[in-house]
Structure formats: C-alpha cells, structure tokens
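Here is a friendly note to read alongside the model, point by point. Keep the structure open and look up each residue as you go.

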Amino acid sequence: MTQEKDLNPSNGYVMLFLFLILFIGSIIGFATLKSVWFGFGFLISLVILPGLILVNPNESRVLLLFGDYKGTVKKNGLFWVNPFYTKKKISLRARNFDSERLKVNDKLGNPVMISTILVWRVMDTYKASFDVNNFENFVVVQTDAAVRKLASLYPYDNFADEGLDEDITLRSSVNEVS
C-alpha cells in the first residue's frame, strides 16, 4: 500500500445519540435501581466515545489500527470510527513558506542572493504521513534545494556586451523562470 485510501465512516450523530442514551440512562438506572447491568451500559458508552471524530473543512484524519493504515477521512462532519483507531489530523489548507535569502551561484558562477515564496498544500495524506519523516520540514529542505538548482540553470542578467546572449535570465524573465 503506497497510496491514499478514502474511507467513508459511519454517521457520528447516530453514535453520539446512542452514547448519550447509554451514558445518561446508565447513570440514572444505576442511581435508582442499583443494578450492576447499568454499569456495563456505562462502560459500553465509554468505549463508544473515543470513536467519534470531527473533521473540519480543509482537514483530514489519517486512521491507523495498531500501526496498519486503514484510510483517510476527508469529508467534513462528525463521524464514528473504530475506537481503537489512532487518528492523526493533517491540514489540507494552503500554506505559505517564505524562504530565507540564500547565496547561490548563477549559470555563469556569479554569486546571487535569492529567496522564494512558496504556496503549497498536502494533496496525498498517505505520502505526507508515511513517506517522509516530517512533511513540513521536507517542504523547507526541498524548496531550498530547488532554488539552488534553479538559480544555477540561468544567468542573472543578459551580458550581450560581453558576447554572452541569453534569452532567459533570472532578472528579466521572472515568469519563465518560475
């Protein structure tokens, strides 16, 4: 398994209603009738509760069962899943990364100070969770590497007077370079 699997969990409102009925009913029943059976109802209600998950807009939950990937919930709402699932929240919102200024060499070997602003978002929660150690740090490191590589492909400016005539430069061809 190396790709994301969408999971459609059951309705959380039904299980929330069942939880409230069991929880309140068990407490009232135990207080009035003093029966041990109401204690079992109370325990069952406590087992139901950890299975409730809330998925907000532009968020997802990666679900694991004892280390085994079971799927990802991307739909918004209140859901109920197996209470033994480990639920990891991953934001699907667009994020900005403003890199620090890097001193790199252009195609001609001239030192250039360059930085970038990157807008990114998580598209595959499986890869973000399991293919890299920390996906936010991964984006930072890959951005710096890409900026260094990109700067080395083009000269900073067109030096036509020195016999070097380049069509695309870092200074005058911003749209083509990006």
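1. Let us start on the outside of a helix. Y13, V14, F17, I28, T32 and L33 are exposed residues on the face of α1 that is turned away from its buried side. Buried here stands for under 20% relative accessible area and exposed for over 50%, with partly exposed in between (1.4 Å probe, protein chains only). Helices (H or I, at least four residues) and strands (E, at least two) are DSSP runs, numbered from the N terminus.

2. A word on what you are looking at. This is a predicted model, in which local features need pLDDT of at least 70 and side-chain atom pairs count only at pLDDT 80 or more, while totals for chains, interfaces and linings use all residues. Residues are numbered from 1 along each chain as its sequence is written, and side-chain values use heavy atoms, with hydrogens and water left out.

3. Now turn to the other side of α1. Which residues of α1 are buried? They are G12, M15, F19, S26 and G29. Seen down the axis of α1, these buried residues fall within an arc of 145°, so they line one face of the helix. The arc is that of the directions from the helix axis to the C-beta atoms. The cover over the buried residues of α1 includes β1 (10–11), α2, β2 and β5, where contact means heavy atoms within 4.5 Å.

4. The expected span is 1.5 Å times one less than the number of residues.

5. Next comes α2, residues 37–48. With 12 residues at 1.5 Å each, α2 should span 16 Å, and its end C-alpha atoms are 17 Å apart, which agrees. G41, S45 and I48 are buried in α2. They cover an arc of only 55° around the axis, which puts them on the same side of α2. What do the buried residues of α2 pack against? Their partners are α1 (12–33), β2 (52–55) and β5 (77–80).

6. V36, W37, F40, L43 and L46 form a nonpolar patch on the surface, with about 570 Å² of accessible area together. Patches are made of residues with over 30% relative accessible area and no salt bridge; like charges are joined within 9 Å, and nonpolar side chains (Val, Leu, Ile, Met, Phe, Trp, Tyr) within 5 Å. The areas come from the Shrake-Rupley method with a 1.4 Å probe, and for residues only the protein chains shown count as cover.

7. On to charged pairs. Side chains of opposite charge can pair when their charged atoms come close. A salt bridge is a side-chain nitrogen of Lys or Arg within 4 Å of a carboxyl oxygen of Asp or Glu. How many salt bridges does this rule give? The count comes to 4.

8. One of these salt bridges joins K74 and E4, whose closest N and O atoms are 2.8 Å apart. K74 lies in the loop between β4 and β5 and E4 in the segment before β1, so the pair ties together parts that are 70 residues apart in sequence. K74 is partly exposed at 30% relative accessibility, and E4 is partly exposed at 21%.

9. Another salt bridge brings together the side chains of R93 and E59 (3.9 Å, N to O). R93 sits in the loop between β6 (86–91) and β7 (95–98) and E59 in strand β3, so the pair ties together parts that are 34 residues apart in sequence. Is E59 buried or exposed? At 9% relative accessibility, E59 counts as buried, whereas R93 is partly exposed at 41%.

10. Finally, look at two backbone angles. Most residues other than glycine have a negative phi. N58, in the loop between β2 and β3 (59–65), has a positive phi near 60°. F66 is not a glycine either, and its phi is positive at about 50°. F66 lies in the loop between β3 and β4 (68–73) and counts as exposed at 73% relative accessibility.
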